[in-house]
Amino acid sequence: MVKLGDVAIHGYGGYIPRYRIKAEEIGRIWGQDKSGFPVTEKTVAGIDEDAATMAVEAARTALRRAGIDPRKIGAIYVGSESKPYAVKPTGTIVAEAIGATPTKLAADLEFACKAGSEAIAIIAGLVRSGQIEYGLAIGADAAQGRPGDALEYTAASGAAAFIIGKPDHGAVAEIEAWSGYATDTPDFWRRPSDKYPMHTARFTGEPAYFKHIIGAVKSLLENDGYSLSEIDYFVFHQPNVKFPLAVAKYLKVGQEKVSPGLIANLVGNTYSACSLLGLVNVLDQAQPGQRILLASYGSGAGSDAFVIRVLDGILEKRDLAPRLAELIEDKIYVDYSTYLKLRDEILMR
Amino acid sequence: MRVPGYWRNMPFLYRLAGWKCVHCGAFHNYKPVVCKRCRSREFAQIELPASGRLIAYTTVRSPPKEFAQVAPYAIGLIELDDGTRIISQLTDFREDELRDGARVEAVFRRIRVNGDQGIIEYGYKFRPALRRS
């Protein structure tokens, strides 16, 4: 556990593409039953979208809320496992697109689905040490799932961005504490030349997702003296609907504290953006003084847990940009053929 | 691949940033030597508004080879909120949303992907505005 303090979120933004595919449409192609899908539907990136474009959209929304001069942003870290270039940072594309160039630091991070929260921890450190005035942490992915694989029902697209600086007038939330928990656990991976990840099915639950999230959360709660009653919202990484609810049940947290940040059923698993979009959805409705516990999860494996306290600035900044719920409602359904075209699965010779 | 040209045009492609003639108001996406309209040599750096209304559009069904993957696609004539008119690809729309005067907003998208090894060119496209006031 690390007591942070002196670090605050000044602007936040979530982005999801407009296209959706229903799980039952994917199931129709692969002969799966209409019941028991891990989510109801998921977002699908447009044919002209990738992790960089979605990172830019989320960053622009965060900037609208922060209301700062983008040239004050000294570091941009983008967590993603679907970066458009193997070599060339997404962060510089974002910097140029939001008018933050020349920025001091920009790099891409990879830790499966938790690279975005890792970006928050790094930016928080840079701000706290006084090396930068503001930093931009982003999680963005156009997630890959092999056609016919279980991941295809959930692998979705989206981005979330947070502008972090010292707490002052107008900050929307203070990051009070952080804890991390990482081990070498081979539950999910992708080799450099492969387009789709591999995973170890049921092994991804107990020794991977649950062990690491619970490890990070317990460290935060027990070592820092937070009690469950002091936390108003819990946001867990949500590769499906079942896993975060199981964590809540284990921790004896009521579903009413989890539901506001649980959007996987209508969005899917947006990988590096996944838990962060849950946080965006909570910030869209939380009140000053309330506390949020965020716990990400990245295969490989690790979890970052944060305690975030909402500040008065949320009231004036929240509606400077559309809420995530508006983007979730604004959708165009596609069939499986269109989905394949949008995801660039049609081979053109 | 036209990397230098793409790089020089990034401020306009990424942020609709360019140069406005201080005498006649004409917009230039590169800093010109003289104004294309009034021959003035005085310019101010500006960013165009990222929203406007759709005036007209057409659908491209026989695209150049480099855009074959995204066809069919729509190209629109857009009047931005400051009155500047620009041409842009349209994206994320339902056909019934492309009506005269429809509110549109700029988004950041892939414009051209130069094969498996070349540069990915990003820039603006317009889509129906989320808040359709």
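At what angle do helix α2 (residues 51-66) of chain A and helix α3 (residues 90-97) of chain A pack, and how far apart are their axes? To find out in this predicted model, select both helices and look along the place where they meet: they pack at an angle of about 45°, and their axes are 9 Å apart. Angles of 65 to 115 degrees would count as roughly perpendicular and those under 35 degrees as roughly parallel, so α2(A) is described as oblique to α3(A). As you turn the view, note that the crossing of α2(A) past α3(A) is right-handed.

Next, show the side chains at this contact. From α2(A), select Ala51(A), Ala52(A), Ala55(A), Val56(A) and Ala59(A), and from α3(A), select Thr90(A), Ile93(A), Val94(A) and Ala97(A). Sorted by class, the residues in this contact are eight nonpolar and one polar, with no charged residues.

Now step back to the whole of chain A, which the domain assignment divides into domain 1 (7-171 + 330-342) and domain 2 (173-314). If you colour the two separately, you will be looking at domains whose C-alpha centres lie 16 Å apart, and whose contact involves 43 residues from domain 1 of chain A and 40 residues from domain 2 of chain A.

Finally, stay with the side of domain 1 that touches domain 2, and select β2 (8-15), β4 (41-44), α4 (115-128), β7 (134-142) and β8 (157-165) of chain A, each of which supplies at least two residues there. The largest share of that side comes from α4(A), with six residues. By class, this side of domain 1 of chain A has 22 nonpolar, 14 polar and seven charged residues.

Terms used
Residues are numbered from 1 along each chain as its sequence is written. Chains are lettered from A and ligands numbered from 1 in the order in which they are written. This is a predicted model: local features need pLDDT of at least 70, side-chain atom pairs count only at pLDDT 80 or more; totals for chains, interfaces and linings use all residues. Axes are lines fitted to C-alpha atoms, for helices over the stretch in contact, and angles run from 0 to 180 degrees between N-to-C directions. Helices (H or I, at least four residues) and strands (E, at least two) are DSSP runs, numbered from the N terminus. Angles under 35 degrees count as roughly parallel, over 145 as roughly antiparallel, 65 to 115 as roughly perpendicular and the rest as oblique. A crossing is left-handed if the near helix is turned anticlockwise from the far one by less than a right angle, and right-handed if clockwise. Two residues are in contact if their C-beta atoms, placed from the backbone, lie within 7 Å. Ala, Val, Leu, Ile, Met, Phe, Trp, Tyr, Cys and Pro count as nonpolar, Asp, Glu, Lys and Arg as charged, and the others, Gly among them, as polar. Domain bounds come from an automatic or database domain assignment.
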